[in-house]
Structures are given as C-alpha cells and as structure tokens.
Amino acid sequence: IRMPSPAWGEGLALGASVAHNGCCLTVTRVEGDLVSFDLMQETLRLTNLGALGVGDKVNVERAARFGDEIGGHAMSGHIMGTAEVTSVIDTPNNRQVWYRLAPELMKYVLTKGYIGIDGISLTIGEVRGSEFCVNLIPETLARTNLGCLRSPLKLGHASWGPVLSVAVKASVSAEPRPSWACVRILQRLSQKKPIEMTGPKR
C-alpha cells in the first residue's frame, strides 16, 4: 500500500496495526511510502481485500492512541462478510446506497442502528427485507472510497455489484459477554419479543 502522505506514515514500524477497509492488518515491511501487509485465507474469504488490484483505493486508518478524540460510533468486533451494492442514488449533498446482505446477517441490521462498511461507521437509514441503505454526506464521499461507487457495476465476471466488507458492530464480537448480550437483544428485537435483561447462565 502506498501511504497517503509522508506525515500519515510517520512512526509506522514493523508489527504496527493499520485498518484496511475496516480490516486490521499487521505491518510486515516498510520501504519509504510503501508499506506491506500479509493476508491469511480467512481474511480473503470474509473481506473484499482479495479483490483489490493495482491502483485501487482502500480506506486506511492508523491505530488510535490513548488521549485521542474518539468521534462517531464506537465500532468493535470482526468483519462477518460482504454485501452486494444494489443501488446508488445521488441527490444534492447526499448519496444513498442500498446493499443486499446474507439472511443470516440481516437479523442484526436494524433501522437507525449502525454498521461498518469498508471501515466506515454508518447509520442504517432503512431496512427492506434482505436489503438496507445508508446515506452519505459529501465529507464521507470525499474522504473514503465510497465516493467511487457507481450503479450498476460489475466485479470481474460476476453478475452482481461491487462487494464491501461489512462489520456487524459489537453483536458479533469475539468477547463472550458483550457478544451474548447484544446478539440476544437483537434477536429478540427481530422477533418482536419482550427483551429480558439477563446474563448468560453459569
């Protein structure tokens, strides 16, 4: 990856963590403004990083330091899969993007909840069956690769649109207690059942 600027890569060393489209990767080599990372098979299976080619843009983010301002939604957990872009609607000062997600992941997607798409924490605007949309302001379009989306588009020889890595917030975190509680609440909401605030049985 070629870093955006010399200042952006200042202090970057072997073993450091950098998020690419929301996927945290470890620095394995630094050569000037070029930085290398290794990807394992599981990463390639669950993210869109394996589809990247020379010249493609990727959202990058350095690890936060203690004392840094933390704005927006607090994202935690792991990338769980990719979503298909089904529609891109441009209006003045806004871009609405619709995605189709696998049914087993859609149960965690709630209107006015939030979701990570290519490392960008976004509010879910609306949910319709197996699809959901997000609304993007000009600043998001200028700073991220979502500004490059067009519809309809194809990826390679596939018959669907470009895929984006989706992080389904803390509900799919590897941490046992938060994961259990959040998944249980979201499942109850999706089934329209009363929520019981109880912990896991010991």
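Predicted model: local features only at pLDDT ≥ 70, side-chain atom pairs only at ≥ 80, totals over all residues.
Visitor: What makes the contact between Arg-45 and Glu-42 a salt bridge?

Guide: The closest N and O atoms of Arg-45 and Glu-42 are 2.8 Å apart, and because the definition asks for a side-chain nitrogen of Lys or Arg within 4 Å of a carboxyl oxygen of Asp or Glu, the pair qualifies.

Visitor: Where do Arg-45 and Glu-42 stand relative to one another in helix α1?

Guide: They are three residues apart in helix α1, which covers residues 41–46, and so about one helical turn separates them.

Visitor: Why is Arg-45 called exposed, and what is Glu-42 called?

Guide: Arg-45 has a relative accessibility of 58%, and exposed means over 50%, so the word applies; Glu-42, with a relative accessible area of 40%, is partly exposed, because that term covers values between 20% and 50%.

Visitor: Which parts does the salt bridge between Glu-131 and Arg-100 tie together?

Guide: The side chains of Glu-131 and Arg-100 meet at 2.8 Å, N to O; since Glu-131 lies in strand β9 (residues 131–136) and Arg-100 in strand β6 (residues 94–100), the pair ties together parts that are 31 residues apart in sequence. Glu-84 is linked with Arg-100 and Glu-131 in a network of salt bridges.

Visitor: Why is Arg-100 called partly exposed?

Guide: Its relative accessible area is 34%, and because buried means under 20% and exposed over 50%, this value falls in between.

Visitor: How many salt bridges does a search of the whole structure find?

Guide: The search finds eight, and one of the salt bridges in this model joins the side chains of Arg-128 and Glu-126 at 2.8 Å, N to O.

Methods: Residues numbered from 1 in each chain as written. Heavy atoms only, no water. Helix = DSSP H or I, 4+ residues; strand = E, 2+ residues; numbered from the N terminus. Buried < 20%, exposed > 50% of the residue type's maximum accessible area, 1.4 Å probe, protein only.
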